[in-house]
Amino acid sequence: MKEICADVLFQVSDFAHEEVLTHLGLTSPYQLLGLFEGIGLAQTGGAAWTGRMPNRIWLYRQPILAYGSTREDRLEDIIKHVLVHEIGHHFGLSDADMEAIDQAED
């Protein structure tokens, strides 16, 4: 039986680092609520890659709080949505894949 390597670190920070924002072409740290950093399991075939850091999922606290203050959604639901989105990237889903899943739920 093949063992799947699914290591992922979850990290929370007030804001994304400036170089991350620059790389993504964002002008404000409030534009990024979460980020997947790494290689999705679908792209690795689930095999462990020697010498590379585990995947990381970042949640950015201040942007999430600011976004939540302008919405009627519960903060817990916003965090859940961002977390599920980033975990989707960990498993190799694209933004289009997740958008289709969101549309199917409506």
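Colleague: How many aromatic pairs does a search of the whole structure find?

Modeller: Two aromatic pairs turn up. Keep in mind that this is a predicted model. One of the pairs is phenylalanine 15 with tyrosine 30, and the other is tryptophan 58 with tyrosine 60.

Colleague: Why is the pair of phenylalanine 15 and tyrosine 30 called edge-to-face?

Modeller: Start with the distance: the ring centres are 5.1 Å apart, and rings pair if their centres lie within 6.5 Å. Then take the angle: the planes are at 80°, and over 60 degrees counts as edge-to-face.

Colleague: Where in the chain do phenylalanine 15 and tyrosine 30 sit?

Modeller: Phenylalanine 15 is in the loop between β1 (8-13) and α1 (18-24), while tyrosine 30 is in the loop between α1 and β2 (34-37). They are 15 residues apart, and the pair links distant parts of the chain.

Colleague: What makes tryptophan 58 and tyrosine 60 a stacked pair?

Modeller: Their centres are 6.1 Å apart, and the limit for pairing is 6.5 Å.

Colleague: Are tryptophan 58 and tyrosine 60 buried or exposed?

Modeller: Buried means under 20% relative accessible area. Tryptophan 58 has 10%, so it counts as buried, and tyrosine 60 has 3%, so tyrosine 60 is buried too. Over in the other pair, phenylalanine 15 is at 27% and therefore partly exposed, and tyrosine 30, at 44%, is also partly exposed.

Colleague: What makes strand β3 "mostly covered"?

Modeller: Count its residues: β3 (residues 55-60) has six, and five of them are buried.

Colleague: Which strands does β3 pair with, and in what sense?

Modeller: β1 and β3 pair in the parallel sense over six bridges. β2 and β3 run antiparallel and are joined by four bridges. Two strands count as paired with at least two bridges, so β1 with β3 and β2 with β3 both qualify.

Colleague: Which residues face each other across these strands?

Modeller: Serine 13 has tyrosine 60 as its bridge partner in β3. Leucine 35 stands opposite tryptophan 58, and glycine 34 has leucine 59 as its partner.

Colleague: Why are β1 and β2 called edge strands?

Modeller: The three strands make an open sheet in the order β1-β3-β2, with mixed pairing. β1 and β2 each have a single partner strand, so one side of each is left without a neighbour in the sheet. Neighbouring strands here are turned by 15° against each other on average, direction ignored.

Colleague: Let's move on to charges. How many salt bridges are there in the whole structure?

Modeller: The search finds four. One of them joins arginine 61 and aspartate 14.

Colleague: How do you know that arginine 61 and aspartate 14 form a salt bridge?

Modeller: The closest N and O atoms are 3.0 Å apart, and the cut-off is 4 Å. So arginine 61 and aspartate 14 pass the test. Arginine 61 lies in helix α3 (residues 61-69) and aspartate 14 in the loop between β1 and α1, so the pair ties together parts that are 47 residues apart in sequence.

Colleague: Which other salt bridges can you show me?

Modeller: Arginine 71 with aspartate 73 is one of them, at 3.1 Å between the closest N and O atoms. Another is aspartate 77 with arginine 74, at 3.3 Å from N to O. Both values are within 4 Å, so both count.

Colleague: Why is arginine 74 called exposed while aspartate 77 is called partly exposed?

Modeller: Exposed means over 50%. Arginine 74 has a relative accessible area of 51%, so it is exposed. Aspartate 77 is at 36%, so aspartate 77 counts as partly exposed.

Colleague: What makes up the nonpolar surface patch?

Modeller: Leu65, Leu75 and Ile79 make the patch, which covers about 200 Å². Isoleucine 79 is found in helix α4 (residues 75-90).

Methods. Residues are numbered from 1 along each chain as its sequence is written. This is a predicted model: local features need pLDDT of at least 70, side-chain atom pairs count only at pLDDT 80 or more; totals for chains, interfaces and linings use all residues. Side-chain values use heavy atoms; hydrogens and water are left out. Rings of Phe, Tyr and Trp (its six-membered ring) pair if their centres lie within 6.5 Å; planes under 30 degrees apart count as stacked, over 60 as edge-to-face and the rest as tilted. Helices (H or I, at least four residues) and strands (E, at least two) are DSSP runs, numbered from the N terminus. Buried means under 20% relative accessible area, exposed over 50%, partly exposed in between (1.4 Å probe, protein chains only). Patches are made of residues with over 30% relative accessible area and no salt bridge: like charges are joined within 9 Å, nonpolar side chains (Val, Leu, Ile, Met, Phe, Trp, Tyr) within 5 Å. Accessible areas come from the Shrake-Rupley method with a 1.4 Å probe; for residues, only the protein chains shown count as cover. A salt bridge is a side-chain nitrogen of Lys or Arg within 4 Å of a carboxyl oxygen of Asp or Glu. Axes are lines fitted to C-alpha atoms, for helices over the stretch in contact, and angles run from 0 to 180 degrees between N-to-C directions.
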